[in-house]
Amino acid sequence: MTSPTKTENLGGIDAWQAAKLMILAGSLIVAISLGVRHSFGLFLQPMTIENGWGRETFALAIALQNLMWGAAQPFAGMLADRFGASRVIIGGALLYVAGVYLMGQPLGELGFILAAGVLIGIGQAGTTFPVVFGAISRALPPERRSLAMGITMSVGSFGQFAVLPLITPAIDGFGATATLVGLAMLTALILPLSYLMREDRMGSGRSPAAVQTAAAPAGPNAWDALREACGNRDFILLTLGFFVCGFQVVFIALHIPAFLQGQGVVDPMVATMVLALIGLANIGGTFFAGYWGGKHSKPYLLSAIYAGRAVVILVFIMVPITTMTAYLFAIAMGFLWLSTVPPTNGIIAGVFGVKNMSMLGGVVFFAHQIGAFLGGWLGGYVYDQTGSYNVVWWIAIALGLFAALVNLPIKEQPVIRPAVAT
């Protein structure tokens with residue numbers, strides 16, 4: 001796509017200004033969406049105690065949430081590629097708001113699982129980075145995409161930091177139900193922001209498909225692009241690595257509060273600060289991942305990130321667990337937390353183009369969410385069976401080393417497609 005310049009005027013607004021507004025709106029949408037979901041681990045203990053559930057019930061709901069998010073993501077991406085991101089974001093936000101609100105209502109275990117698992121999971125598919133990144137990538141030239149995605153994820157990470165410190169005091173002061181109502185109201189702010197994600201603002205009222213076709217050679221349709229990607233070795237390796245990312249981050253985000261309590265760090269504000277510090281450090285991690293990804297090998301960067309995670313987790317479980325070591329772990333892990341996202345999506349855009357990026361990013365993200373399901377559920381299951389998280393920590397370390405290896409041979413070369421006769 002040609003670089004937007006300040007001399008181009010598209011539908012009453014210059015192209016670069018529209019792209020900057022899209023980056024801002026997309027960043028805030030991701031910040032709200034990820035900030036709300038990042039807080040769910042703080043509800044595990046109060047809600048299971050209040051309702052008399054085992055940890056596996058709550059863990060199963062959040063694990064299902066991640067699985068539904070992943071399963072819906074390719075379809076949300078396909079719709080966003082075809083009809084524009086704004087409409088998909090609106091639909092996702094409505095489901096997300098409903099799910100967060102119903103999560104706190106007295107619906108029983110099945111109702112809780114459906115609200116927290118199904119509604120929120122599908123809602124997240126329309127309100128997080130695969131859809132947002134697709135729109136931003138179509139609005140920017142290749143040399144600006146990686147940095148733009150890094151900026152978007154950095155602001156999204158700030159949402160994780162900003163929301164977390166408010167949750168534990170709110171639960172203590174008002175209860176879990178009222179706190180979830182407040183989070184539902186926060187999530188509803190995505191709706192007005194979706195207007196700035198309208199891709200027709202980038203091209204005088206034309207559809208996203210028309211803008212893309214006019215600016216660049218036509219790519220394959222969605223199904224041909226999917227077959228092309230699934231037959232590509234590098235796409236498969238990238239997908240396997242992202243599976244590991246999901247396993248690690250959801251296991252930690254969901255179970256670190258309970259793990260710290262089991263290790264004698266009983267002040268709930270410590271767990272809150274751990275999750276907040278992860279979000280704070282993630283701001284720098286995702287920004288630099290986007291910046292470095294635009295200048296250096298993205299596969300090598302991903303390998304370094306996954307290897308770094310394995311080392312950080314190993315050190316954490318080998319040293320005595322204290323408030324200070326928990327905070328240091330949060331800062332180190334937070335720097336590596338979602339730093340996988342900009343280079344992963346940058347590789348997809350560079351290898352397969354941007355026409356079907358939201359859909360292909362959704363496929364890779366589905367693998368991430370299968371890992372997230374296993375990480376979230378396995379943590380609760382293993383704890384209920386053994387009274388310890390040790391086995392899952394060691395699995396997370398092994399998977400980190402595996403992901404570091406599978407990303408090394410990935411090549412960032414665009415696929416070669418047969419010329420289309422004209």
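Figure 1. Of the 422 residues in the protein chain, 58% count as buried (under 20% relative accessible area; exposed is over 50% and partly exposed lies in between, with a 1.4 Å probe and protein chains only). This is a predicted model, in which local features need pLDDT of at least 70 and side-chain atom pairs count only at pLDDT 80 or more, while totals for chains, interfaces and linings use all residues. Residues are numbered from 1 along each chain as its sequence is written, and side-chain values use heavy atoms, with hydrogens and water left out. The accessible surface of the protein chain is about 16000 Å², and carbon and sulfur atoms hold 70% of that area (Shrake-Rupley method, 1.4 Å probe; for residues, only the protein chains shown count as cover). The chain has 18 helices and two strands (DSSP runs numbered from the N terminus: helices are H or I with at least four residues, strands are E with at least two). Among contacts (heavy atoms within 4.5 Å) with a separation of 6 or more, 86% join residues 24 or more positions apart.

**Figure 2. Surroundings of His-255.** His-255 sits in helix H12, residues 233-262. Its relative accessibility is 1%, so His-255 counts as buried. A polar atom of the His-255 side chain lies 3.3 Å from the backbone nitrogen of Gly-380. Residues up to four places away in sequence aside, His-255 touches Leu-44, Ala-59, Gly-375, Gly-376, Gly-379, Gly-380 and Tyr-389.

**Figure 3. Surroundings of Leu-254.** Leu-254 also belongs to helix H12. Leu-254 counts as buried because its relative accessibility is 3%. With neighbours within four places in sequence left aside, the contacts of Leu-254 include Gly-41, Phe-58 and Ile-62. From C-alpha to C-alpha, Leu-254 and His-38 are 8.3 Å apart in space, although 216 residues apart in sequence.

Figure 4. Leu-147, Ile-151, Phe-287, Phe-288, Tyr-291, Trp-292 and Phe-335 make a nonpolar surface patch of about 560 Å². Patches are made of residues with over 30% relative accessible area and no salt bridge; like charges are joined within 9 Å, and nonpolar side chains (Val, Leu, Ile, Met, Phe, Trp, Tyr) within 5 Å. A salt bridge is a side-chain nitrogen of Lys or Arg within 4 Å of a carboxyl oxygen of Asp or Glu. Helix H7 (142-174) and helix H13 (268-293) each give at least two residues to the nonpolar patch, and H13 provides the largest share, four residues.

**Figure 5. Phe-335.** Phe-335 is in helix H15, residues 323-335. Phe-335 has a relative accessible area of 33% and is therefore partly exposed.

Notes:
A polar contact is a pair of N or O atoms within 3.5 Å; within protein, one must be able to donate a hydrogen and the other to accept it, and residues adjacent in sequence count only if both atoms are side-chain atoms.
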